[in-house]
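I opened a new page for this one and jotted things down as I looked them up. Here is the structure I had on screen.

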Amino acid sequence: MGSKGRDYYARRGKTVVNTITGITETPIPPDAQEIAQTVLDAYCAGTYDGVYLVYTKFHTVVSYEPQVTKLLPVDTAELPEPTATAGAQLLSFEPADSTIVESAVQNYVEAVMFNALCESAASQLASKMVSMETATDNADKMISSLTLTFNRARQAKITQELTEIVAGANALK
């Protein structure tokens, strides 16, 4: 997603299958759903063995870092172990177990994708804000410096004119 990511991988000779641009500043859930569906379809078709999501994680206005998240296959080692309760009965799921799992995985991928889009957008906007603040500060310093230089030149010209007037008046005496 984004021209920076596309350019990064293209320069390194990697195959760019699809590029999505224009959603980084204002991500919305349908964007994440569309991307997640594309990724899930390719993964389920066996095109990819695994899917990793690389994005910019936002910490603070001046702190953000690259983040790599394993999206697919879902790492079940990170999931909590189910606990058995006394007198637990067999549960029957409707719809079928596979439908529930597919829906849960799709919701998971969409949520992670939307989170990554929001984190990247926050990082991008923070970076722009810091850049604009720095540019404004530099412009203010330049204006102050130029104003001081202009005022000194104007004062020197006034002093020179006054000196010439006084010299002319003394010459007339």
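Which strand does Tyr-64 lie in? I looked it up, and Tyr-64 sits in strand E2.

**Ground rules.** Before going on, I noted that this is a predicted model, where local features need pLDDT of at least 70, side-chain atom pairs count only at pLDDT 80 or more, and totals for chains, interfaces and linings use all residues. Residues are numbered from 1 along each chain as its sequence is written, and side-chain values use heavy atoms, with hydrogens and water left out.

**Layout.** I found three helices and two strands in the chain. Read from the N terminus, the elements go α-α-β-β-α. Helices (H or I, at least four residues) and strands (E, at least two) are DSSP runs, numbered from the N terminus. I also checked burial: 15% of the 173 residues in the chain are buried. Buried means under 20% relative accessible area, exposed means over 50%, and partly exposed is in between (1.4 Å probe, protein chains only). The chain exposes about 13200 Å², and carbon and sulfur atoms supply 59% of that. Accessible areas come from the Shrake-Rupley method with a 1.4 Å probe, and for residues, only the protein chains shown count as cover. Then I looked at contacts, meaning heavy atoms within 4.5 Å. Among those between residues at least 6 apart in sequence, 61% join residues at least 24 apart.

**Back to Tyr-64.** I asked what Tyr-64 touches, not counting residues up to four places away in sequence. I got Thr-56, Lys-57, Phe-58, His-59, Ser-123, Ala-126 and Ser-127. Tyr-64 is partly exposed, at 31% relative accessibility. I also took one distance: Tyr-64 and Ser-120 are 56 residues apart in sequence, yet 9.0 Å apart in space, C-alpha to C-alpha.

**Ser-123.** Is Ser-123 buried or exposed? It is buried, because its relative accessible area is 3%. Ser-123 belongs to helix H3. With its neighbours within four places in sequence left aside, Ser-123 is in contact with Thr-56, Lys-57, Phe-58 and Tyr-64.

**Salt bridges.** How many salt bridges does the structure hold? I counted three. The test is a side-chain nitrogen of Lys or Arg within 4 Å of a carboxyl oxygen of Asp or Glu.

- Lys-57 and Glu-119 meet through their side chains at 3.9 Å, N to O. Lys-57 is in strand E1 and Glu-119 in helix H3, so this pair ties together parts that are 62 residues apart in sequence. Glu-119 counts as buried at 15% relative accessibility, while Lys-57 is partly exposed at 25%.
- Lys-157 and Glu-161 also pair up at 3.9 Å, N to O. They are four residues apart in helix H3, so about one helical turn separates them. I have Lys-157 down as exposed, at 51%, and Glu-161 as partly exposed, at 38%.
- Asp-7 and Arg-6 meet at 3.2 Å, N to O. Asp-7 is partly exposed at 31% relative accessibility, and Arg-6 is partly exposed at 31% too.

**The core.** Next I went inside. A nonpolar core is a set of buried Ala, Val, Leu, Ile, Met, Phe, Trp, Tyr and Cys residues joined through side-chain atoms within 4.5 Å. The largest one has 16 residues, and Ile-35, Val-39, Leu-53, Leu-71, Leu-72, Val-109 and Met-113 touch the most other members. Helix H2, strands E1 and E2, and helix H3 each give two or more residues to this core. I followed up on Met-113: leaving aside its neighbours within four places in sequence, it contacts Met-1, Ala-32, Ile-35, Leu-53 and Leu-71.

I then looked for a nonpolar patch. Patches are made of residues with over 30% relative accessible area and no salt bridge, with like charges joined within 9 Å and nonpolar side chains (Val, Leu, Ile, Met, Phe, Trp, Tyr) within 5 Å. I found one of about 570 Å², made by Tyr-8, Tyr-9, Val-16, Tyr-52, Val-54 and Val-68. Helix H1 and strand E1 each give it two or more residues. Val-16 lies in the loop between H1 and H2 and is partly exposed, at 34%.

**Cysteines.** Last entry: how many disulfides does a search of the whole structure find? The result was zero, a disulfide being a pair of cysteine sulfur atoms within 2.5 Å. Cys-44 is exposed, at 65% relative accessibility, and Cys-118 is partly exposed, at 30%.
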